[in-house]
Amino acid sequence: MDPGRGSQVNDRPIKVMVVDDQDLVRDGIAMILDGQPDIEVVAQAVDGADAVRQAGAILDLAVVLMDVRMPVMDGLEATRRLAGGPRVLILTTFDLDEYVYDALRAGASGFLLKRSSRDELINAVRVIAAGDALLAPPVTRRLIDRFADTRLDPAVAARLDVLTAREREVLVLVAKGNSNAEVAEELHLTEHTVKTHVSRMLTKLGLRDRVQAVILAYDAGLVTAGQR
């Protein structure tokens, strides 16, 4: 399979919106993505309100690349309003921006640093469009360690009762920022088996992706900041 077409559905391009209040940044990202055979930038927005307004009129919009700090409506509020619609990939200048964690809680599927390479940008869009979360394990650890300790909600723990013992083990390791390969090594399983456990875990908990699973695990007190 052509890797450049792996995220397409029925050979249709991935429809993308780029949201940033800086014209040069927005136009640059759009130019890079539009140069790919499997990606089509169908809209650009100058702030969160503009993004929400336009998104409602675009059929099959798959991914929104969302800046965080913008006038009128910031990326956090826009992400919250787009929940249940297109997947949101947060664009940020700093990898420890406190708004990133809030955006993930609001429903974003991951984030990308603005200093990322061209190839990383293109891959991020494809990953998010394919239904996966984009949150590098080291960044997961740093974000959670910094912000999760003030957000624990033990009442959420009851939701975890639907999981098997193995699924709970997988959730703990995922919440600590481990990749599927690392989870497989830790539990002496194949990576395919881990993917199956993750998929079942997400389905049982009614979660869209592993980013939401990480947040739920910390909210439930299953793992705590600083735990490895």
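1. Start with the loop between β3 (63–67) and α3 (75–81), which is where V72 sits. Helices and strands here are DSSP runs (H or I over at least four residues for helices, E over at least two for strands), numbered from the N terminus. V72 has a positive phi of about 70°, although it is not a glycine. Most residues other than glycine have a negative phi. V72 counts as exposed because its relative accessibility is 73%. The cut-offs are under 20% relative accessible area for buried, over 50% for exposed and partly exposed in between, with a 1.4 Å probe and protein chains only.

2. Before going on, a word on what you're looking at: this is a predicted model, where local features need pLDDT of at least 70 and side-chain atom pairs count only at pLDDT 80 or more, while totals for chains, interfaces and linings use all residues. Residues are numbered from 1 along each chain as its sequence is written, and side-chain values use heavy atoms, with hydrogens and water left out.

3. How confident is the predictor? pLDDT is its confidence in each residue, from 0 to 100. The protein chain has a mean pLDDT of 83, with 80% of its residues at 70 or more. Over residues 1–7, though, pLDDT stays under 50, and the model has 12 contacts for them beyond four places in sequence. Contact means heavy atoms within 4.5 Å.

4. H188 is another residue to look at: it is not a glycine, yet its phi is positive, near 60°. You'll find H188 in the loop between α8 (180–187) and α9 (191–205). At 73% relative accessibility, H188 counts as exposed.

5. Now for helix α10 (residues 210–219): 8 of its 10 residues are buried, so the rest of the structure largely encloses it. The buried ones are V211, A213, V214, I215, L216, A217, Y218 and D219. Just after α10 comes G221, with a positive phi of about 80°.

6. How do α9 and α10 meet? Their axes come within 10 Å and cross at roughly 65°. The two helices are therefore roughly perpendicular to each other, a label for angles of 65 to 115 degrees. On the α9 side the contact is made by V198, M201, L202 and L205, and on the α10 side by R210, A213 and L216. By class, that contact has 6 nonpolar, no polar and 1 charged residues; Ala, Val, Leu, Ile, Met, Phe, Trp, Tyr, Cys and Pro count as nonpolar, Asp, Glu, Lys and Arg as charged, and the others, Gly among them, as polar.

Definitions and conventions:
pLDDT is the predictor's confidence in each residue, from 0 to 100. Axes are lines fitted to C-alpha atoms, for helices over the stretch in contact, and angles run from 0 to 180 degrees between N-to-C directions. Angles under 35 degrees count as roughly parallel, over 145 as roughly antiparallel, 65 to 115 as roughly perpendicular and the rest as oblique.
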